[in-house]
Amino acid sequence: MSSSSKRGFGPSDGDAGVPTAPPESAPRRKVTVQTLAEKYHRGQPITVVTAYDYPSAVAVEEAGLDVILVGDSLGMVVLGYDSTLPVTMTDMLHHAQAVRRGAEHPLLIGDLPFLSYQADQAEAVRNAGRFLAEAGMDAVKLEGGTEIAPTAAAIVGAGIPVMGHIGLTPQHVRRMGGYKVQGKTAGEARALLAGARALAEAGCFSVVLESIPAEVASWITAELSIPTIGIGAGAGTSGQVLVFHDLLGYFDRFTPKFVKRYAHLHPTIVGALRDYKTDVETGGFPGAEHSVAMDPEERRQLGAFSRREHAPRH
Ligand code: KIV
């Protein structure tokens, strides 16, 4: 007897009446930075998405993606700021903790917010450590190239895996003069490669390449021996990342050109809320199926209540 028929599950075969088992799949394992390195060396694309709360983390867990980035983009898509600059460590830890409760298997990366790592290396190590100690993250991400590589090395030195982020780095939006494509000239492209190399030498396990020409991203990817994760960087990177709210059409105010929308949740949500409002206003909700009836005997004893129940509500 096979182990599957011993367990006796699976749809029965109509002709023979013999139960068949579902295909055996390998048990799902926690994704680690080593898992990502193995995928990279096998040439398998790495899948990354942001998430900021418990239900989004549960959805990503069920969808089976490799990595969740608790990005400081939450400042814009969740908290309603017009940049990521006001986001604090307190905000990030609060959201990272919720994500941790919803996701067991993906690698979890906490995004170091503006001014949590730039001013002082010791403070950077402490803040990176808080993501692991207080929010159960597996790694952290920071923005910047050559200039931030020594800080990345200090964090890695404390045993904390670090993901780099170059190209369009939203924490530098004021210096860049807006959310602009980076690395468009040969000189800028060389500077990006130098930054990526410095991060790899600092011990980063991966680098995000944001909003750079596809050729430049492919070139950097070919020159590095760690995975690159692209966003607006073409198809030649080792993996891709998108912002949860962008890919689901959940945030309607602005969608970058490089985003592919896989759903349009915002109009669906607004439509559902309008239907609910109309139902409440017109008596369409709640119906009997959404209400709990009292035991008839208890109801009889509540004579006063019965006498009043047909009274107008207002
Ligand atoms: O904060 C974020 O979501 C990010 C990704 C866009 C890479 O940094």
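Me: How do you know which features to trust, and how are residues numbered?
Reply: Residues are counted from 1 along each chain as its sequence is written. This is a predicted model, in which local features need pLDDT of at least 70 and side-chain atom pairs count only at pLDDT 80 or more, while totals for chains, interfaces and linings use all residues.

Me: What makes the eight strands a barrel?
Reply: The strands close in the order S1-S2-S3-S4-S5-S6-S7-S8, with parallel pairing. On average, neighbouring strands of this sheet are turned by 25° against each other, direction ignored. Strands here are DSSP runs of E with at least two residues, helices are runs of H or I with at least four, and both are numbered from the N terminus.

Me: Why are S1 and S8 called paired?
Reply: Two strands pair if DSSP finds at least two bridges between them. Strand S1 (residues 46–50) and strand S8 (residues 239–242) have four bridges, in the parallel sense, so they meet that definition. One of the bridges joins Thr47 to Gln240 in S8.

Me: How do you know that H9 packs on the sheet?
Reply: H9 touches strand S5 (162–167) and strand S6 (206–210), where contact means C-beta atoms, placed from the backbone, within 7 Å. The direction of H9 makes about 175° with that of S5. Angles run from 0 to 180 degrees between N-to-C directions, and axes are lines fitted to C-alpha atoms, for helices over the stretch in contact. H10 lies across S6 and strand S7 (228–231), running at about 170° to S7.

Me: Why are H6 and H7 called oblique?
Reply: Helix H6 (residues 121–135) and helix H7 (residues 149–157) pack at about 50°, with axes 9 Å apart. Under 35 degrees counts as roughly parallel, over 145 as roughly antiparallel, 65 to 115 as roughly perpendicular and the rest as oblique. H6 and H7 are therefore oblique to each other. Their contact is made by Gln121, Ala124, Val125 and Ala128 of H6 and Thr151, Ala154 and Ile155 of H7.

Me: What makes the crossing of H6 and H7 right-handed or left-handed?
Reply: A crossing is right-handed if the near helix is turned clockwise from the far one by less than a right angle, and left-handed if anticlockwise. H6 passes H7 in a right-handed crossing.

Me: Why are H3 and H5 called oblique?
Reply: Helix H3 (residues 54–63) and helix H5 (residues 89–102) cross at roughly 40°, and their axes come within 7 Å. H3 and H5 are therefore oblique to each other. The crossing is right-handed. Tyr54, Pro55, Ala57, Val58 and Glu61 of H3 meet Ala98, Val99, Arg101 and Gly102 of H5.

Me: What makes a residue count as surrounding the ligand, and which ones do?
Reply: A residue is near a molecule if its C-beta atom, placed from the backbone, lies within 6 Å of it. Around the ligand are Thr50, Leu69, Gly71, Asp72, Ser73, Asp111, His165, Val208, Glu210, Ile231, Val241 and Val243.

Me: How do you know the classes of that shell around the ligand?
Reply: Ala, Val, Leu, Ile, Met, Phe, Trp, Tyr, Cys and Pro count as nonpolar, Asp, Glu, Lys and Arg as charged, and the others, Gly among them, as polar. The shell then has five nonpolar, four polar and three charged residues.

Me: What makes Leu115 and Pro286 worth a look?
Reply: Leu115 has phi near 70°, a positive value in a residue other than glycine, and lies in the loop between strand S3 (107–111) and H6. Phe285 and Pro286 are joined by a cis peptide bond, with omega about 0°. Pro286 is in the loop between helix H12 (265–282) and helix H13 (296–301).

Note on methods: Contact = placed C-beta atoms within 7 Å.
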